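Q: Could you walk me through a few local features of this model? I'd like the cut-offs stated as we go.

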Amino acid sequence: MRGYLAGLTALGVVVATLSPAAAWADPGVAILQAVLNTAGTTTVRGYVKIDAAAPDGVAKVSVKLRTKGADAPYAALDDLARRNGTAQQGTWTAGPIELRPGRTYLDVEVTDADGDRTTRTAAAFADSPGGTATAFGPYAVAGTARLNQGAVTAPFGAELDLVGPQPERVDAALYRAGTDEQVADFGTLAASTSGTQVTYRSAAKADVPVGDYEIVTTQWSQGDAVRRRSGTVQRRLARTLTELTATPSAADVDHPTVTVTGQVEDAATGVPQQGVPISVPDTDATAVTGADGRFTLRLDVTGGVTRTVVAGGDDRYAGVRKDVQIGWHRLPTQLSLTATAATRVGQKVTLSGVLERRSGDVWTPLAGRAVRLSLAEGTTVTPVGQAVTDAAGRYSAQVVVTGSGRWIADYDTPDDRGFTPAEASTDHRSVAYSSAVKGFTVTPSALASSGNVTARGQVVRTLANGTVEPVPAGHHVFFQFSADGRTWDYAVAGTTGAQGRFTIAAKATRTGFWRAYYDGIDSTTFTTPNADATSAAVKVTVGAKTAFSGFNASPEPVKKGRTITVGGKLNRYLGGKWKPAGAGASIGIYFKAKGATAWTLLATAKTTSTGTFAKKFKASKDGTWYASYKGSTTYLGSTSAGDYVDVR
């Protein structure tokens, strides 16, 4: 029962504990505490919580609600549900219950399994609307220590915190735990305000013998009393923990255990204390002091921290705790790194190496550790992945190249405090973004004489993730010419515009090939430039015009099987006049049968010195004939008109 009382606090509630004789000394059924919580402003609802105990088990908890001045209840709950605890000691709850205006009292009846019962009238109350203060405490205050329960080794006073409507006064007294025996009176507590909270403090302090006590505060409001009882305040003698030493004073991952020694004495007399249990929180290390008050325990201190040694308390002495500082040495590590070669962003390289740790005078593999991998480009360090070392301490990972820079491998795991960090890096590795000239065209493709040709296209680059993006505006593009498609000369330069597009004009004076060349030196990222790129070559013919005259396929119509003569004359435009082409020009003779869609080259004829040509064919089907001259380095090509022949 006292253990349960020690944990009780009221948050936003009105609590009334019962008189000591009735509530704590009853050897049978006991109502430990009654609580009537409230919620709401216009319509106030009540929530009931009853803490009760009975050696034979609580069988039923019933409550009634009545207004102040009334004998008959306006609400009754016959059997509350147990929320937690056991039938021997637990908490029973009910609600919500709509409260009537004014002050409502809570009457409580608890019955055990044998039929014995305890009834308390006005065990708690609540005001609707309004309410009473929310209470925190009571607390025992000894020096700077403030506790609801636990051990004190010096005279102590009483305190209570209240938030909300304040009572007319607050009194406090000290009782022997679990009894109605009052052993000290703190009197009326003085109030001090801090924000919304009012703290009530006793001027008097209780200097009582070793034993267990409870502070009871009484809040008075309109003649009604709200009582609160603290947890068990244990008045104890003080003991000290001296000569606390760790040997060795520092440990490491290979030697994580230290020996901790010390001595426990009576703080007032210095007499060693035998049989005191010693422990270290969060570990399994324990010991018991000998006749000289000394103890020895072995402690694993992996990671190295400040450890707290606790000398336990008993029914006469309070426990004591003291910190012991234990150092921790992180063993050295070393890391290597190699990287395969790459020339372009987006390619993959393999990063590999070995992580080792110092073991005595030799280096041994450090397995199962994560090695972080990154790329340092200027002042920017970009993580690219990680790898875990194998049993030989080796690691390897394939990563995508995101730019130029130094590859870095580092081992530094905050949770792995056994070893020092290690780092390795390569020298600077230069790569470039892959570039390309897309959609390149040159127009016109043929010129009768020297004149301008215009190149158009777009320069793009490929990012590490495969995304293709245009280069920014202002990058240089060079228009180049070659007569043979092998040796190239600079013609004119231009720059990219929006979306990496360019338009460049140059003068063509002879037949040859044209291409665009991007040198990549205008990259916006200095450490990782764009690679140069060259477009496909486009041929442009520059020469004299040619034209056919007198082209004819005859006779027409013609009988099937008879001969058809296809001929004409090729002329060249020279010196401002049309002249015969001369001998040796190749003329292609093409035919397309009626209803067909494709032309067929049937023969090639050579021109005479007067530019004429002719070729004979056996008439087989209706169709159209035409002649074509492909041109040369000095003359442009041309095509005759078609001539349809009806074969009968």
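A: To start with a term, contact here means heavy atoms within 4.5 Å. This is a predicted model, in which local features need pLDDT of at least 70 and side-chain atom pairs count only at pLDDT 80 or more, while totals for chains, interfaces and linings use all residues. Residues are numbered from 1 along each chain as its sequence is written, and side-chain values use heavy atoms, with hydrogens and water left out.

Q: OK, which residues does Q273 touch, not counting those up to four places away in sequence?
A: Q273 touches R239, V264, E265, D266, T289, G290, G293 and Y317.

Q: And where is Q273 found?
A: Q273 is in the loop between β23 (257-266) and β24, where strands are DSSP runs of E with at least two residues, helices are runs of H or I with at least four, and both are numbered from the N terminus.

Q: Is Q273 buried or exposed?
A: Q273 counts as buried because its relative accessibility is 8%; buried means under 20% relative accessible area, exposed over 50%, and partly exposed in between, with a 1.4 Å probe and protein chains only.

Q: What does the side chain of Q273 make a polar contact with?
A: Its partner is the side chain of R239, at 2.5 Å. A polar contact is a pair of N or O atoms within 3.5 Å; within protein, one must be able to donate a hydrogen and the other to accept it, and residues adjacent in sequence count only if both atoms are side-chain atoms.

Q: Switching to the sheet, what is the order of the 4 strands?
A: The order is β25-β24-β27-β28, in an open sheet with antiparallel pairing, where two strands pair if DSSP finds at least two bridges between them. The edge strands, each pairing on one side only, are β25 (286-288) and β28 (320-325).

Q: How many bridges between β24 and β27?
A: Strand β24 (residues 277-279) pairs with strand β27 (residues 306-311) over 2 bridges, in the antiparallel sense, and I278 stands opposite A311 in β27.

Q: Now rings: how many aromatic pairs?
A: The count is 11, given that rings of Phe, Tyr and Trp (its six-membered ring) pair if their centres lie within 6.5 Å, with planes under 30 degrees apart counted as stacked, over 60 as edge-to-face and the rest as tilted. One of them is the stacked pair of Y590 and Y626, 4.9 Å centre to centre with 10° between the planes. That pair links distant parts of the chain, 36 residues apart, with Y590 in strand β52 (residues 586-593) and Y626 in strand β55 (residues 623-629).
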